[in-house]
Every structure is written in C-alpha cells, then in structure tokens.
Amino acid sequence: MAPRIVLLHATPVAMAPIQAAFAERWPEAETVNLLDDGLSLDRSKEPGAISERMIERFVRFGRYGHDMGADGILITCSAFGPAIDRLIESVPVPVLKPNEAMFRAAIAQGARIGMLATFGPSVGTMTDEFEEFVAETGRPASLRTVLVDDAMARLRAGDAETHNRLIAERAPDLRDCDAIMLAHFSTSRAAEAVRKAVDIPVLTAPHAAVDRMRAMIETGGSA
C-alpha cells in the first residue's frame, strides 16, 4: 500500500511546488493536502517569537493530519519552527520540517550560506533552525539572509513573473556565498531566474524535502 503523506500548508502558494516535487521524485506516495491559510495571516501579525496560542493551534492542525492516517507529515511553511518541534513530540510518525533537507545540502557546499526570503516572520525561526542544525552536525557555517519584501504579495496576487524577477534581482547581494537557499517552498519557482543571476549553487526546499521524507518512511523514521 502506498504511504500516505499529509502535507500541512499555511499558504496556498506552497502547494504547487511540493506537488510538483512529489510527482517528479516520489509519485507512488499518496499525498493529502491540509490548508489553513489563516495560519500565515495570523503569524504575520506576530513578527517576533511565535506565541503559545499559535503553537497549540498548529499542533492541533498537525494532529488532525495524523488522525487521517498519515504515515508521515511534511510541513511546507517555514515560520512555525517551535510549533513543529512540539508536533514532532506529539505524534508517532515522521514529521519533517520544511527546510531541514535543504540545510543539509547547503552546508555540503561550504560554510558561507545565503538565503533569499519573502516572508519576514519566517526569517527568525529559520535562522534559529539553521544554527541548531549546524550545531548538531558539528560543521561550522554562517547564514546571511536577504528579505525580498514585495515578492510574496505579488505571488499571492497571481503575478509569479514579477515575484521571480524581484527575487532574482537581489540574488547578486549574496554572490560571495558558497550557496544560496530559496527560503520557502513558494520561492522555489524563482530558482531558474536566480540561477541566471549568480554563478553559485541555488538550492530549493521541495525536492530535498521529498527525498528526505521518502528516506525517513523507508527506514522507519531513522534516516
């Protein structure tokens, strides 16, 4: 029987990139989409640390996904790090943070990592996650982030072309890095434009996440 992977989305713009990645890398998996776009709207009103109320709400969302018979849960929004940690402790199936696999690929490229982000509230949690990941691996690396303020609004309005252009225009600010990460699942659609703007590796989250989730499921969560 095909494994059921529940995808937790906090914004609809993350859905197409991860579905495309599953179609390319793991088409046998049964994917189920759960969307609460109110999560990202309300998270944007908490620009600092995520509140306990938001954490509890996110965990309820994830537990509903588990109750659907999930063999694994993949989160596609990067602004909920502490809530994902709580969810990991709350359910007995593999739960994957959206950027864990991308971090792994980035530090394999070198110690100076750049990141292009479009959702401000995610930057703090992603920076914390990156530093925790680096500490766990024992490989020294630093992260420098550029926030492209207007790109997300353009994408939500249906203007993906301008979204991609705005992100690519800021990529040269990070040309001295060993690799550039595109912070969110939604920004992965700008990968081609960014790669034309710089000569260093450009990493995206969706494909790395699918590969990592597949490995976790096939090894019983120990990958």
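Analyst: R214 and E218 form a salt bridge, with their closest N and O atoms 2.9 Å apart. A salt bridge here is a side-chain nitrogen of Lys or Arg within 4 Å of a carboxyl oxygen of Asp or Glu. The two residues sit 4 residues apart in helix α10 (residues 205-218), so about one helical turn separates them. Helices are DSSP runs (H or I, at least four residues), numbered from the N terminus. R214 is partly exposed at 27% relative accessibility, whereas E218 is exposed at 55%. The classes are buried under 20% relative accessible area, exposed over 50%, and partly exposed in between (1.4 Å probe, protein chains only).

This is a predicted model, where local features need pLDDT of at least 70, side-chain atom pairs count only at pLDDT 80 or more, and totals for chains, interfaces and linings use all residues. Residues are numbered from 1 along each chain as its sequence is written, and side-chain values use heavy atoms, with hydrogens and water left out.

By the salt-bridge rule, the count is 16. One of them joins R57 and D42, at 2.7 Å from N to O. That pair links distant parts of the chain: R57 belongs to helix α3 (residues 52-67) and D42 to helix α2 (residues 38-43), 15 residues apart. R57 is partly exposed, with a relative accessible area of 24%. D42 is also partly exposed, at 27%. Both residues belong to a salt-bridge network of D36, D42, K45 and R57.

Next, R86 and E52. Their closest N and O atoms are 3.1 Å apart in a salt bridge. R86 lies in helix α4 (residues 81-90) and E52 in helix α3, so the pair ties together parts 34 residues apart in sequence. R86 counts as partly exposed at 31% relative accessibility. E52 counts as partly exposed at 39%.

D128, E131, E132 and E136 form a patch of negative charge on the surface. Patch residues have over 30% relative accessible area and no salt bridge, with like charges joined within 9 Å. Asp and Glu count as negative; the place of a charge is CG of Asp or CD of Glu. Accessible areas come from the Shrake-Rupley method with a 1.4 Å probe, and for residues only the protein chains shown count as cover. E131 is partly exposed, with a relative accessible area of 48%.

How values were computed. Patches are made of residues with over 30% relative accessible area and no salt bridge: like charges are joined within 9 Å, nonpolar side chains (Val, Leu, Ile, Met, Phe, Trp, Tyr) within 5 Å.
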